[in-house]
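Trainee: I would like to go through this model with you before I use it. Could we start with how far it can be trusted?

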Amino acid sequence: MTQQTPHTPTAPIGVVGLGSVGEALLLLLRAAGHPVVGVDTDLDALARVGTRAKASPAPEGTPDPVLTDDLTRLDGVRLAVEAVPEDRAVKTGVLRRVAEVCPPGTPLLTTTAALSVARLGIACGRPADLAGLRLFTPPAPGGPAEPVPTCLTSAQATSAVRELVASAGLTEVEVGAGPAADAGALVLGLLNRAVVLCSEGYASHEDVDTAMRLGCGLPAGPLETLDRIGLDTAHAALTDLWRRTGDTAFEPAALLSRMVAAGRLGRKSGGGFYTYDETGALVRERGDVPDETGARPVRRVGVLGSGAMARGIAEVTALAGHPTVLVARSAAKADAALESVAGSLTRAVRRGKVAPAAREAALDRLVTATGSDAFADCDLVIEAVAEDPDVKRAMFAALGEACAPGTVLTTTTSSLSVAACAEASGRPADVVGLHFFNPAPVMRLVELAHAPGTDPGALATARAFCRGLGKTVVECPDRTGFIVNSLLFPYLGAALALLDRPGADDRVVERTDAAVERGFGYPMGPFALLDTIGLDVSLAIQHRLFDHFETPEHEPSDALADLVSAGLLGRKNQRGLRTAAR
């Protein structure tokens, strides 16, 4: 080994392993102006990273990366990052070889997500020089990264990992090994279920991703996330979880296995659920133009109900220019609904979202009534009453009699049968599902569900109507949960199961939420989300999903049932998992 001179700030940073994580980290470091050396035994990976490096921006004067299959080229780096697959033997072997090339005192970083950093340091013979760099997904500008020094790590290596995070433009987070593992398992389970849903032909990969991004506020759709992680990496992690836990939710989806076997590994291979060019940029696919042939004009809109969803929808339709009638059970409820809409619009004006004149015009278009005969001249009616099948059937029977022929009748349910509502109406061809998300004035997504007897013209009418409201529409057949809830609630149920795990951490609720939010960029963790939805509402949805699917992942949570029985309903009464009366 060549005698080394002291490392300088201009010495390169080494990255060993140029898969999804290694490639992303190398390009991020180069974009920050660091000279880099990338090492991989896969010549195709070296060629791919070389092409993408040429297409990536870097400060003037930044040298081209050195890309090689020769580990000895790490001789002289100021620190080396190991980013090889998550396998103890593989990581240990690579770290030992790196330690032979890089002299003592050179900081060594491992990107392990699940293995003990201290044990890897001991195994490679350099425990003082080794620190962890926990990356929850392939790093991106501003993305999260957790420095993981151990009690054996030297002050120099600890400083090096923190300096690397800062200089690469990443955001340092504190999560912890246990919460990170729990969050990773929750997210992997969600991603796996998204593949199953797509493989069933229930919805396209674009619609699955759009629904989860807009319906749940995820930073990226689950299938897009799999492409970024690497399908082989996700497959290996799922397989490991399945073997260790026996939980079939982690059994890799058959489609995922087939794609890995075919070499469709995601962004790094140029193709996964999406297609990428040689620079790694997404190749935009020309989607089918929605068929709005036969769409009927919608001028006047009816909204049945006076709760939060009904009020929000009425606000949206009136603001979009539709004369709207909101029908409530009583004059008092109708007046309260109108007052609520007016207050919401006033707040929107204060925030600069709505012009004062638009507020006044919307309120002029909105009227209330207490009888279904008020829907007689409506072109489209939106039912938004309680999620009770008997109540909904009664409402649709009344709508079928009150509305003119050709009026499109819609239900906002996401957990009950659209077909049952359609049958009760006596005019099933006119009925579709329109699942708005709460709060309707803010949320852009609408799930459009069609029953077997839905007329294409009614579907086209509903689609064009939603687009006219400025909403993004994803379509699916009538089935309990549609896209979002069928993916979301097993994830929430898996989080609740952590409460019953032997030896459960007493702070598992807040620590898991923090790990999901900080590590994966979700707007809120699963427990905070349950409080937001409402624990009683969540339990009811769990029961309906289980009644339909009858699978363990949809089984209602005993913990959730106990919470609801105790009167803890979440944000609505300030008593829940993350909320408390003050």
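Trainee: Where does pLDDT stay under 50?
Mentor: This is a predicted model, and its pLDDT stays under 50 over residues 1–6. For that stretch the model has six contacts beyond four places in sequence. Where pLDDT is low, the predicted coordinates should not be read in detail.

Trainee: And what is the mean pLDDT of the protein chain?
Mentor: The mean is 94, and 97% of the residues reach 70 or more.

Trainee: Changing topic, how many helices and strands are there?
Mentor: The protein chain contains 21 helices and 16 strands.

Trainee: What radius of gyration does the chain have?
Mentor: The value is 27 Å. A compact globule of 582 residues would be near 25 Å, so the two agree. The C-alpha trace spans about 90 × 50 × 45 Å along its principal axes.

Trainee: What share of the residues is buried?
Mentor: Buried residues account for 53% of the 582. The accessible surface comes to about 24,800 Å², and carbon and sulfur atoms hold 53% of that surface.

Trainee: How about charges: how many side chains are positive and how many negative?
Mentor: There are 55 positive and 68 negative side chains, with the centres of the two sets 4 Å apart.

Trainee: Now R52: is it buried or exposed?
Mentor: R52 lies in helix α2, which covers residues 43–54. Its relative accessible area is 2%, below the 20% cut-off, so R52 counts as buried.

Trainee: Which residues does R52 touch?
Mentor: Leaving aside residues up to four places away in sequence, R52 touches several residues, including E23, D277 and E278. Among the others are L27, R267 and K268.

Definitions and conventions. Residues numbered from 1 in each chain as written. Predicted model: local features only at pLDDT ≥ 70, side-chain atom pairs only at ≥ 80, totals over all residues. Heavy atoms only, no water. Helix = DSSP H or I, 4+ residues; strand = E, 2+ residues; numbered from the N terminus. Rg over C-alpha atoms; globule rule 2.2 N^0.38 Å. Buried < 20%, exposed > 50% of the residue type's maximum accessible area, 1.4 Å probe, protein only. Areas by Shrake-Rupley, 256 points an atom, 1.4 Å probe, with all protein chains shown as cover. Lys, Arg positive; Asp, Glu negative; His and termini not counted. Charge placed at Lys NZ, Arg CZ, Asp CG, Glu CD. pLDDT = per-residue confidence, 0-100. Contact = heavy atoms within 4.5 Å.
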